[in-house]
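Open the model in your viewer and keep the selection tool ready. The tour goes stop by stop: what to select, then what is there.

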Amino acid sequence: LENGEFELHYQPQLNLKSGALSGIEALVRWRTPDGDLIPPGQFIATAEESGLIVELGEWILAEACRQMQCWLAERRFAPNVLVSVNISAKQFDKGNLMKQLDRALDDTGLSPHNLELEITESTMMRSADRTGRVLQALRSRGVKVAIDDFGTGYSSLSHLKLLPLTKLKIDKSFVADLPDDPNVTSITRAIILLGQSLSLETLAEGVETSEQLAFLQREGCDIAQGFLFSKPLNVAQFEDYLSDAIAGGVRPRRVS
Ligand code: C2E
Ligand code: MG
Ligand code: MG
């Protein structure tokens with residue numbers, strides 16, 4: 001952190017009805033002094049155990065807001081596009097998340113309407129009362145809240161109804177087995193219907209094939225994210241992606 005060795009990469013999320021860019025997920029990487037790029041799977045758990053995730057998370061939130069505000073100011077995409085930031089359980093529990101958030105929004109000038117936080121089911125379920133209060137505080141500012149890796153953890157359906165959530169992210173382990181595994185197609189269909197009946201948007205992560213995309217479009221999933229459209233990209237690569245998108249490249253391939 002002191003040496004500025006962390007960087008954020010961004011992965012597009014596409015609206016499956018309009019084909020437009022709906023959001024971008026910020027994903028952290030560690031660039032070592034040797035130039036190697038270390039994925040978050042190799043250091044987030046350690047950062048959580050040591051408590052450093054709070055500081056790292058604060059930097060991630062501030063940097064994602066700063067970059068997003070910069071791209072919005074440059075009119076690189078529509079004013080309703082979201083930047084989505086992963087929040088770890090420790091960060092959520094620590095109690096200073098709202099302070100971190102207010103500071104990030106104040107310092108960067110980003111509108112809370114352009115920000116979405118991603119929490120996992122287990123984070124959501126840790127302390128239902130506290131979660132409710134934090135989520136209410138977020139929603140009252142206009143910040144959106146998505147449940148990440150939905151379907152892999154344990155969550156009580158009554159919480160989904162009670163908590164002010166905005167989106168369910170269908171875990172990529174389900175998407176990977178679409179559209180051939182009959183159990184997985186049933187589960188995915190059920191999650192999409194659950195989202196629809198609770199007025200939550202559904203986003204499928206890890207979409208890699210046009211067959212998966214066709215199934216998700218047919219079943220009414222709202223948004224998709226995955227290598228089929230783009231890997232997470234560094235800032236320069238993402239700006240190139242956006243330029244290509246303006247030239248017509250952003251639309252998800254439509255499958256009849
Ligand atoms: P996640 O939030 O569920 O992020 C999605 C992960 O799936 C990313 O891995 C992304 O690169 C990968 N992915 C995207 N599309 C595809 C696809 O089509 N196929 C496959 N196989 N994978 C795909 P990444 O960047 O390695 O991040 C892994 C996890 O690390 C994240 O899962 C999240 O839990 C955590 N993480 C990443 N960035 C942050 C962060 O800034 N803060 C915190 N607290 N956690 C983070
Ligand atoms: Mg995520
Ligand atoms: Mg996920």
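Select Thr166 to begin. Thr166 sits in the loop between helix H7 (157-162) and strand E7 (167-170). Helices (H or I, at least four residues) and strands (E, at least two) are DSSP runs, numbered from the N terminus. Is Thr166 buried or exposed? With a relative accessible area of 15%, Thr166 is buried. Buried means under 20% relative accessible area, exposed over 50%, and partly exposed in between, with a 1.4 Å probe and protein chains only. Now show the neighbours of Thr166. Leaving out residues up to four places away in sequence, Thr166 touches Glu116, Arg139, Lys144, Val145, Ala146, Leu200 and Glu201. Contact here means heavy atoms within 4.5 Å.

A word on the model before moving on. It is predicted: local features need pLDDT of at least 70, side-chain atom pairs count only at pLDDT 80 or more, and totals for chains, interfaces and linings use all residues. Residues are numbered from 1 along each chain as its sequence is written, chains are lettered from A and ligands numbered from 1 in the order in which they are written, and side-chain values use heavy atoms, with hydrogens and water left out.

**The magnesium ions**

Select the magnesium ion (ligand 2). Its protein donors are Glu25 (OE), Asn86 (OD1), Glu118 (OE) and Asp148 (OD), at 2.0 to 2.3 Å. Donors are N, O and S atoms within 2.8 Å of the metal (3.2 Å for Na, K and Ca); water is not among the atoms, so sites may look incomplete. Along the chain, the donors of ligand 2 follow the spacing E-x60-N-x31-E-x29-D. Asn86 belongs to strand E4 (residues 82-86) and Asp148 to strand E6 (residues 144-150), so this pair ties together parts that are 62 residues apart in sequence. Check both for accessibility. Asn86 is partly exposed at 29%, and Asp148 is buried at 8%.

Step across to the magnesium ion (ligand 3). Which residue bridges ligand 3 and ligand 2? Asp148 does, and the two ions lie 4.1 Å apart. Asp149 is partly exposed, with a relative accessible area of 26%.

**H2 against H4**

Two packed helices are described by the angle between their axes and the distance between the axes. Select helix H2 (residues 53-73) and helix H4 (residues 97-108). They pack at about 30°, with axes 9 Å apart. Axes are lines fitted to C-alpha atoms, for helices over the stretch in contact, and angles run from 0 to 180 degrees between N-to-C directions. That makes H2 roughly parallel to H4. Angles under 35 degrees count as roughly parallel, over 145 as roughly antiparallel, 65 to 115 as roughly perpendicular and the rest as oblique.

Display the side chains. Val54, Gly57, Glu58, Leu61, Ala62, Cys65, Arg66 and Gln69 of H2 meet Gln100, Leu101, Arg103, Ala104, Leu105 and Thr108 of H4. By class, this contact of H2 with H4 has 7 nonpolar, 4 polar and 3 charged residues. Ala, Val, Leu, Ile, Met, Phe, Trp, Tyr, Cys and Pro count as nonpolar, Asp, Glu, Lys and Arg as charged, and the others, Gly among them, as polar.

**H4 against H6**

H4 and H6 pack at about 15°, with axes 11 Å apart. That makes H4 roughly parallel to H6. Leu97, Met98, Leu101 and Asp102 of H4 make the contact with Val134, Ala137, Leu138 and Arg141 of H6. The residues divide into 6 nonpolar, no polar and 2 charged.

**H9 against H10**

Last pair: helix H9 (residues 182-197) and helix H10 (residues 210-219). Their axes come within 10 Å and cross at roughly 40°. That makes H9 oblique to H10. Thr185, Thr188, Arg189, Ile192 and Gln196 in H9 meet Phe215, Leu216 and Glu219 in H10. This contact of H9 with H10 has 3 nonpolar, 3 polar and 2 charged residues.

Finish on Leu193, in helix H9. Leu193 is exposed, with a relative accessible area of 52%. Draw a C-alpha to C-alpha distance from Leu193 to Gly220: the two are 8.5 Å apart in space and 27 residues apart in sequence.
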